[in-house]
Amino acid sequence: MAIDVADERVEQAETTLYRRPRLTYGFWSWITTADHKKIGMMYGYTAFFFFIAGGIEALLLRIQLAGPEGAFLSAAEYNGLFTTHAVTMIFLFVMPISAAFFNYLLPLMIGARDVAFPRMNAVSFWIFLFGGIFIYSSLIFGTSPPPVGGNLPGGAIEPSLLGSIPNSGWFIYAPNSGATYSPGTSIDYAVLGLQILGVASLISAVNFIVTILNMRAKGMRLLRMPVFVWMTLVVALLLLFSLPIIAIALFMLTFDRLFGTLFFVAEAGGDPILWQHLFWLFGHPEVYILILPAMGIVSETLPVFSKKPLFGYPAVVFAGAAIAFLGFGVWAHHMFSSGIPTVAQAAFGLSTMTIAIPTGIKIFNWLGTVWGGRVRLNTPMLFSLGFVALFVIGGLSGVTHAVVPSDWQQTDTYYIVAHFHYVLFGGAIFGLFAGIYYWFPKVTGRMLGEGMGKTHFWLMFIGMNLTFGPMHWLGLQGMVRRTWVYPEEAGLGAGNFVVTVGAFVIALGVLVFMINWVYSKRRGVPAPNDPWDARTLEWTMPSPTPEYNFAVEPTVTSLDDFWYQKYGEDEEGRAVRKPEADQVVDDLIYRNGHPDQEIHLPAPSYFPFFVGLGIMVIAYGIMYHTRPFGIPLLVTGAFLTVGALIAWGSEPLEEVHHDDHHDGPEDGPEAAETEPAMTDGAAG
Amino acid sequence: MNRPRRSDLPLFKRLPLLLLAVGLLGSCGRVEQPLNSFDSQGPIAERINDLFWPVFWGATVIFVLVQGALLLAVFLFRERKGKERPEPKQIAGNTRLELIWTVVPTLILAAIAVPTITTLFDLAECPAGAMEIEVIGHQWWFEFRYPDSGVVTANVMVIPEDTEVCAKMTSDDVLHNFWIPKLAGKRYLVPGQETEQRLYAEQPGEYWGHCAEFCGLSHARMRARVEAMTQADFEAWTTEQLMPAATPAPGSEAERGQEIFLAGTCVGCHIIDGVNNPDPETLTVPAPDLTHFASRSVFAGATLPAQLSPTDADWEAGLRLWLTDPPTWKPGSFMPELGLTADEIDALVAYLSSLE
């Protein structure tokens with residue numbers, strides 16, 4: 001059977017008009033790559049670029065708010081910046097940098113050579129990148145005239161660069177986001193941009209799910225997968241089920257704005273609250289999409305740096321799945337003051353409380369992991385412990401939101417801003433930095449500097465608490481969200497000043513990190529192959545990872561299989577390093593570094609890039625469909641996208657080769673059926 | 001001269017201390033904070049605080065326990081130079097512990113859930129017999145209508161003390177959110193729908209409020225005031241509000257102001273009862289009724305005058321600032337820059353301050 005398939009492929013390859021690109025280095029190799037590691041790195045660098053953009057936006061906001069009645073930004077600029085800060089940090093930083101981790105690590109951790117659909121992986125990156133460019137192009141092309149009341153336009157706004165970016169809040173609440181109250185194109189950039197980003201995430205979600213379910217190493221049952229892989233699976237499922245909801249909502253809003261439908265227009269019987277239900281039905285799972293990858297990361301690092309197995313592995317896994325499942329039943333806690341019925345408020349308050357239970361289980365198990373361990377306080381461990389400490393604070397303030405009447409006071413104030421930054425900055429970003437320090441040697445072959453790393457950690461940790469700690473009080477003392485000025489008489493100036501100072505301390509920390517990165521990448525200490533004495537499969541390979549990942553597809557007999565090859569236990573249950581451990585590691589690394597046959601890898605392709613580009617051009621065409629250049633743009637974009645897809649479909653599955661021999665699938669039958677290019681059958 | 005010199009501490013060590021001091025000062029409410037929700041001035045806000053504080057202290061205990069355990073674990077089990085720790089026991093879990101830290105939080109949450117639900121049902125809906133006031137949200141000001149008496153006013157909601165008030169709210173344009181922190185929580189104003197907010201002030205006084213939902217460009221300039229007064233004062237206020245506007249003395253500056261009002265763009269949107277009585281439907285944009293403008297302590301979306309206890313001079317200065325260039329103070333404002341001369345503004349201020 002497999003042989004027939006292979007023959008067909010060879011035939012097909014010989015009759016194809018064009019060849020696939022073969023470059024492995026240089027600019028075009030990045031454009032055409034289908035290698036999950038290169039794609040992961042592109043995700044990482046792009047996300048980090050947007051992190052800097054979002055960070056600068058945050059600093060501008062904080063300069064404006066450093067004192068009462070600030071005059072640094074105009075109202076239009078401020079509204080644009082707080083919107084873009086959120087959109088950037090959520091959709092263009094935390095999600096894609098999580099995707100960077102998934103892309104780079106997932107195949108390595110499950111013992112696979114790539115993801116199930118390598119070109120789909122590439123296309124999701126390019127769509128994401130062009131989506132990000134699309135949103136940011138509003139800086140140049142966006143327009144934001146004032147709302148129209150009756151037939152009188154509001155007072156003119158001075159045009160400015162920052163005043164032309166989307167300014168509706170990332171939640172894009174109707175009817176303020178509608179054509180009447182937000183004329184101009186800036187909101188269209190957000191709405192269509194998020195739609196594009198959603199397509200990218202949906203594609204990669206499907207890819208990760210298929211990869212995890214089908215391409216695990218032999219012997220790696222579901223409950224032998226690293227927790228990070230589990231959390232990837234959970235996040236991918238969350239994306240799969242939540243993105244269609246926001247896609248529909250965004251389509252409805254697009255049609256309201258551009259084509260005159262009335263879904264959310266109250267005067268015509270539409271329902272603005274419907275938007276909120278749809279948005280948060282996506283938006284709350286989205287919160288777990290942002291935090292679960294970080295939870296997966298620290299579930300890997302805490303055991304390694306405590307030299308103990310993860311405490312309660314099944315509990316941590318099931319808690320993660322439970323959080324995701326419950327996450328679909330709590331959305332209306334974002335709407336406790338929106339006038340939804342009292343019984344609904346009670347129900348959503350209770351369901352929200354239940355989320356604290358699996359979250360607590362995770363935290364206690366992490367504590368159990370560290371307890372009694374042999375704790376190495378290096379930078380990745382500091383970030384992991386920081387994650388736990390800060391996430392606890394965010395979790396506790398989260399419970400106070402579930403106390404519905406309390407939430408009536410808290411909602412729409414800085415108390416909420418404090419809460420979700422403890423979860424998303426103290427949580428997600430600290431976890432992601434733990435991952436960056438932890439896996440940097442795997443990716444680059446060098447260690448990320450410890451001295452600067454610890455400085456980075458302490459600056460971020462102190463800065464973060466200085467920034468977001470006082471916000472709890474500020475909020476309940478009357479600091480309303482999304483206001484570009486606050487009155488001096490409200491007595492909030494001192495607290496806000498501290499917050500602004502804290503924001504700059506964080507910025508300093510990030511600067512130290514960037515210097516550390518640049519320095520370590522060039523001159524860092526060369527990394528040993530297993531620098532952390534780790535537990536998972538990616539450390540059985542040379543660093544940096546070879547293009548083909550595993551020369552020998554691994555077989556796994558337990559959770560943390562690599563660890564148990566190195567360590568046994570004495571009669572007390574203490575870890576004992578086996579005498580042959582060093583030899584085992586060296587052998588594994590050597591074997592994986594020296595393939596004894598040519599390994600077949602997914603061939604690069606030009607077309608994912610053009611699919612992404614085409615989709616962006618389509619979005620411009622839709623937005624400007626009433627302008628003379630709109631329809632031509634639309635047609636060009638459609639032609640690009642469809643053309644690239646057809647070319648994609650007809651390009652040879654692999655490079656032409658003159659070998660009619662095929663070994664058939666080896667030890668991963670599912671893997672072979674999913675993506676023939678993955679097996680190393682066609683030896684050349 | 002022997003006292004220890006603080007400045008011996010290097011700056012980088014002093015700075016965090018200083019910041020902490022500033023932070024505590026800012027956070028402890030030593031300055032007056034008219035929007036402070038902790039300072040409840042009525043039973044509704046108080047019950048919310050009564051619910052919040054036990055949860056807060058409970059959370060604080062959990063915070064201390066969890067962070068303490070984390071710090072203790074790091075302190076006890078960390079590796080130090082020269083003090084190698086033995087290889088740890090490889091413990092992969094403990095079912096009893098898992099059960100404990102599943103069941104105990106569940107019980108704690110159940111204990112929180114009971115008062116949450118009872119308070120929620122007690123506060124969420126207006127009780128029968130409450131005094132109704134209609135609240136209508138506009139970009140960017142609140143309008144208040146009293147269905148019992150027919151009074152229409154803006155920015156300042158006047159209520160009698162010790163009375164259960166039910167705000168029946170809707171919006172004329174986008175979402176708004178009516179928040180008087182010292183009296184109650186928040187509730188949206190939704191176009192095409194009616195929502196309810198209970199309010200109850202125990203003492204006469206002025207309570208600050210703010211629109212809490214992002215409502216477009218000048219969201220920050222959409223505030224509100226609730227003025228609670230004794231029952232007698234409230235009745236007197238109602239009677240006054242129902243009278244037509246005061247007529248300026250002939251030849252006075254105020255009369256000149258009235259002429260400017262009638263001749264200019266003002267009448268396109270504003271009504272002064274007894275001076276211009278157009279059908280409200282014919283107005284270009286809904287704007288505050290100015291019949292008893294001077295009876296209100298604040299205007300311009302309750303943002304001016306900005307002072308905590310403004311004097312008459314502050315009030316007039318605020319009005320001057322507002323009339324000079326509304327869209328600069330309130331970007332996107334539907335009240336345009338009127339191009340008035342200083343002299344015309346003086347006349348308008350004189351007229352508007354006469355509208356008691």
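A salt bridge is taken here as a side-chain nitrogen of Lys or Arg within 4 Å of a carboxyl oxygen of Asp or Glu. By this criterion, the count between chain B and chain A of the predicted model is five salt bridges. One of them joins Glu84(B) to Arg374(A), with the closest N and O atoms 3.1 Å apart. Polar contacts across the interface of chain B and chain A amount to 32 residue pairs, both residues being at pLDDT 80 or more.

On the side of chain B that touches chain A, at least two residues each are supplied by α1 (11-27), α2 (43-77), α3 (95-124), β6 (176-179), β7 (186-189), β9 (205-211) and α7 (326-329) of chain B. The greatest contribution to this side is that of α2(B), with 17 residues. Sorted by class, the side comprises 61 nonpolar, 29 polar and 16 charged residues.

In terms of contacts, 106 residues of chain B meet 115 residues of chain A. The area buried between the two chains is about 9,000 Å², and carbon and sulfur atoms give 69% of this area. Within chain B, the residues that lose the most area to chain A are Glu87(B), Gln90(B) and Phe214(B), which together account for 9% of what that side buries.

A hairpin in chain B was also examined. Strands β2 (residues 141-146) and β3 (residues 151-154) of chain B run antiparallel and are joined by four bridges. Phe144(B) has Thr153(B) as its bridge partner in β3(B). Four residues lie between the strands of this hairpin, in which Gly150(B) adopts a positive phi near 90°.

Note on methods: Residues are numbered from 1 along each chain as its sequence is written. Chains are lettered from A and ligands numbered from 1 in the order in which they are written. This is a predicted model: local features need pLDDT of at least 70, side-chain atom pairs count only at pLDDT 80 or more; totals for chains, interfaces and linings use all residues. Side-chain values use heavy atoms; hydrogens and water are left out. Contact means heavy atoms within 4.5 Å. Buried area is the accessible area (1.4 Å probe) that two parts lose on being put together, summed over both. A polar contact is a pair of N or O atoms within 3.5 Å; within protein, one must be able to donate a hydrogen and the other to accept it, and residues adjacent in sequence count only if both atoms are side-chain atoms. Ala, Val, Leu, Ile, Met, Phe, Trp, Tyr, Cys and Pro count as nonpolar, Asp, Glu, Lys and Arg as charged, and the others, Gly among them, as polar. Two strands pair if DSSP finds at least two bridges between them.
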